[in-house]
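Hello,

Here is the structure I promised to pass on to you. Please have a look at it first, and then read my notes below.

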Amino acid sequence: MNESTATWELEPAPESTAHVQLEKSYGNFINGKFVESAGGSKFSSTNPANDKVIAEITESTEADVDKAVKAARAAYDKTWSKMEAKKRGKYIYRIARLLQERAREFSVIETMDGGKPIRESRDVDIPLAAGHFFYYAGWADKLSYAFPNRNPKSLGVAGQVIPWNFPLLMAAWKIAPALATGNTVVLKPAETTSLTALKLAEVIQQAELPPGVVNIVTGHGEVGAAIVNHKNIDKVAFTGSTNVGKIIQKAISGTKKRCTLELGGKAANIIFEDATIDQAVEGIINGIYFNQGHVCCAGSRLFVQESVHDEVIRKLKHRMKSLIVGDPLDKNTDIGAINSKEQLKTINKYIEIGKQEGADFYQPECSVPSKGNWCPPTLFTNVAQSNRIAQEEIFGPVLAVQTFRTVSEVIKKANNTPYGLSAGVWTDKGSKIFNMTSQMRAGVIWANTYNKFDPASPFGGYKESGFGREGGLHGLAAYLDV
Amino acid sequence: MAKTNGAAKNGRIEVHKTYKVFIGGKFPRTESGRYYSPQPAGQSLGNICLCSRKDVRNSVVAARAAQSSWAARTAYNRGQILYRIAEMMEGRSEQFVAELQTQGMTAAAAKKEVVQSIDRMIYYAGWCDKYQQIFSAVNPVASSHFNFSVLEPTGVVFVVANEESPLLGLASLIAPIIAGGNSCVVLASESKPLSAITLSEVLATSDVPGGVVNILTGLKSELHEHFSSHMDVNAIAFDCNDQKMLVAVREFAVENVKRVKHYSQDWTDDESQNPYLIQDFCEIKTTWHPIEQISASGSGY
């Protein structure tokens, strides 16, 4: 097949920021109100696409965390755990509806604050976040049906720490099931992407939730540690790196705190010769370049069957050339800004490592804005299983390609990792799909598709990718004593 | 070697059993060549293998090698094998009762322990081909995909068996763990190890593939660091109320994000048996596949 060499020149199509309402400075959201920290400082949340300051947010103190936990405890004891489940559900439905009503504002802020393409925040992050609240709202008064022969009970105060790659969506994944099951929440968003969580606090006010049911404190890692280590937290829910997850697991090992961890990944995306190659190439692109590769389940290890390797790589490079890197607010943008300078440094470090390890490096030529954090889509071929770029999570738009000949060989290679979050398989043969999907040691398997998420679909890892599930019926167990 | 029961009967010299451990379907002695002599009822039980770190590691290798083919057995077949374990236990019930008495139980308590252990095995035999239907789901996603979640075994589970209920505590954890397709390495009751040793002889004659269950004897204080930091152990079932050791086990377990489950229930209570124990050692796998939308693209059948 001959790929067209013609390229489209697209006019800029930026999304307007006109109706976005942001304060210049934000405090924490504690006990139903925005309050200034006692003794904490402020730091800037910047737009990673142009380095401009969007708002000042709070570096919280232990005292702030303590205040938030107290508010959550009081709300749990006095109102939320005693409330009729049906009423709890109605409050959560309100959150879902308000998010849908204000979807555009949230999408634009998400893109400004985090750097992801507006197309993704508009079509994926915000609708899924609203959907998550809607899904779990309905569970609130049906919990006894989820656990046969059991009488599930809420746990108390949940301390939740979330990452910067899907800021509002991760907040929804954490808050919605916690509230539906009758728990109250202290949540810390990531320091680079706190704004949509703070806007969610506004929505929670609008939804008239009882004060203290949801509390949001901002800041860096120390604030998260203060939540995790607070003696009045009953449950810890964390999404982030495996390293930090291990620190948390260890920190609470002497306590009765319950814990769920959604950690890192290094997913295998496997292309067989009998796959529909063009679709598979789209799946590879979506698998690794979606959200700049800032995805724990990104298909960062590509395994191509030897017989189709040359064809797949040729088509992949061709497709990479057509990816538009640049202004995240532009509706045509495929790859937005890298979330932070720190992360860009990490990604560039791995690109250097890949080159030094002897893998073949490829990046399409593309112009990027002078300011901001950018990384073009990156491909390494001739990668060895032992290479660091094939073993360690990069969390950026960097794909490491290996080849295989037989089914058993690729199963061994794909499973040869301490991670086990996700995997992808591409083949048109049904029996091979079922063989592969049952042999992959990972919590989410995409067959002939990739990076699909849904409120009804449980998500979470095997092995060092963590434990517990978020989403679906199985996501309820994380917040209940069954 | 087993203890001597007084003088030879009718002039016959009794043949005493050498107590061994159970690794990969075989009965080796501990590689360390060491022994200990617990005295749960005041009298020594004999020379019991004092297992070492190396025994733990050998057992994990055996358990890992056996796990995937055990998980690949049909659920029906696993159910039949668990049932077969119960049949073999029934045949040995007098021996189990006698050993429990030797280890300090009253005759009535020993009999109850054996009967409940056999029934527990039958209970989980029945669950083998049913728990999946209780805990799995077809998920109604809002896109054109078929999406379903099933349970898969966590992998290799290390079991620290109950100290005071040396047979029932063992059966109550081994049964759900292997019913779910895991393999396991068990550290028997330290002070009352005879029941576990006899159970290994039952397992060896019950069509349980070698390595699916491995049984060691020895000291928790010596071995807990080694099994909880072992990088090829996926989960730990800790049926022991030593809080200090539990914390240490949890801390060592962090190394490879092991799932640590602590049990302190009364196994004689039938409420303690339920399929949620099977789920404790399972992972949930969710699979997505697109559904072709022929009518949506304008064509149709």
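**How the two chains meet**

In this predicted model, 33 residues of chain A are in contact with 26 residues of chain B. On the side of chain A that touches chain B, α9 (242–251), β17 (444–447) and β18 (466–467) each supply at least two residues. By type, the residues on that side of chain A divide into 13 nonpolar, 13 polar and seven charged. As for confidence, the predictor gives the complex an ipTM of 0.96 and a pTM of 0.95. Chain B has a mean pLDDT of 95, with 95% of its residues at 70 or more.

**A sheet that takes in both chains**

Strand β17(A) is joined by three bridges to β10 (residues 282–290) of chain B, and the two run parallel. Here A:Val444 stands opposite B:Thr286 in β10(B). Both strands belong to an open sheet of 10 strands with mixed pairing, in the order β13(A)-β14(A)-β15(A)-β12(A)-β11(A)-β16(A)-β17(A)-β10(B)-β4(B)-β3(B). Its edge strands are β13 (360–362) of chain A and β3 (137–138) of chain B, each of which pairs on one side only. Within the chain A part, β12 (residues 301–305) and β15 (residues 398–404) pair in the parallel sense over five bridges, and A:Phe303 stands opposite A:Gln402 in β15(A).

**The two domains of chain A**

Between them, 20 residues of domain 1 are in contact with 26 residues of domain 2. On the domain 1 side, α3 (103–114) and α4 (118–139) of chain A each supply at least two residues, and α4(A) gives the most, with three residues. The residues of domain 1 that touch domain 2 divide into six nonpolar, seven polar and seven charged.

**The cores**

The largest nonpolar core has 156 residues, and those with the most contacts inside it are A:Ile92, A:Leu99, A:Phe133 and A:Ile270. Domains 1 and 2 of chain A both give residues to this core, so it lies between them. Apart from it lies another core, of 87 residues, including B:Val60, B:Ala125, B:Val159 and B:Ala235.

Best wishes

Notes: Residues numbered from 1 in each chain as written. Chains lettered and ligands numbered in written order. Predicted model: local features only at pLDDT ≥ 70, side-chain atom pairs only at ≥ 80, totals over all residues. pLDDT = per-residue confidence, 0-100. Core = buried A, V, L, I, M, F, W, Y, C linked by C-beta atoms within 7 Å. Buried ≥ 20, exposed ≤ 12 C-beta atoms within 10 Å, placed from the backbone. Domains from an automatic or database assignment. Contact = placed C-beta atoms within 7 Å. Helix = DSSP H or I, 4+ residues; strand = E, 2+ residues; numbered from the N terminus. Nonpolar A, V, L, I, M, F, W, Y, C, P; charged D, E, K, R; others polar. Pairing = 2+ DSSP bridges.
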